[in-house]
Amino acid sequence: MSHHVYKILELTGSSPTGSDDAVQRAIAKASETVRNIQWFEVIETRGHVSDGKVAHWQVTLKVGFTLE
């Protein structure tokens with residue numbers, strides 16, 4: 001079994017669709033420049049309300065990736 005060392009990034013994704021989409025967008029964008037993403041943890045969820053309805057979601061994540 002190999003031993004890994006992880007680095008953790010904090011990201012905030014946003015979406016007008018929902019919290020899951022905000023998570024997907026944050027990870028997809030980070031994947032463009034960060035290699036070896038292995039896991040994520042949702043640490044905060046918040047949103048914007050407009051006219052009594054949820055208009056936008058923001059989700060803050062901790063994302064772990066292995067160092068080479």
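Let me begin with the sheet, in which 3 strands, in the order 1-3-2, form an open arrangement with antiparallel pairing, where two strands count as paired if DSSP finds at least two bridges between them, and where strands (E, at least two residues) and helices (H or I, at least four) are DSSP runs numbered from the N terminus. The edges are strand 1 (6-15) and strand 2 (37-50), each of which pairs on one side only.

Before I go on, please keep in mind that this is a predicted model, in which local features need pLDDT of at least 70 and side-chain atom pairs count only at pLDDT 80 or more, while totals for chains, interfaces and linings use all residues. Residues are numbered from 1 along each chain as its sequence is written, and side-chain values use heavy atoms, with hydrogens and water left out.

Strand 2 is joined by 12 bridges to strand 3 (residues 53-66), the two running antiparallel, and Glu41 stands opposite Lys62 in strand 3.

Across strand 1, strand 2 and strand 3 lies helix 1 (residues 19-31), which runs at about 130 degrees to strand 1; such angles run from 0 to 180 degrees between N-to-C directions, with axes fitted to C-alpha atoms, for helices over the stretch in contact, and contact means heavy atoms within 4.5 Å.

What does the largest nonpolar core contain? It has 8 residues, including Leu11, Ala22 and Val59, and a core of this kind is a set of buried Ala, Val, Leu, Ile, Met, Phe, Trp, Tyr and Cys residues joined through side-chain atoms within 4.5 Å, buried meaning under 20% relative accessible area with a 1.4 Å probe, protein chains only. Helix 1 gives the most to this core, with 4 residues.

How values were computed: Buried means under 20% relative accessible area, exposed over 50%, partly exposed in between (1.4 Å probe, protein chains only).
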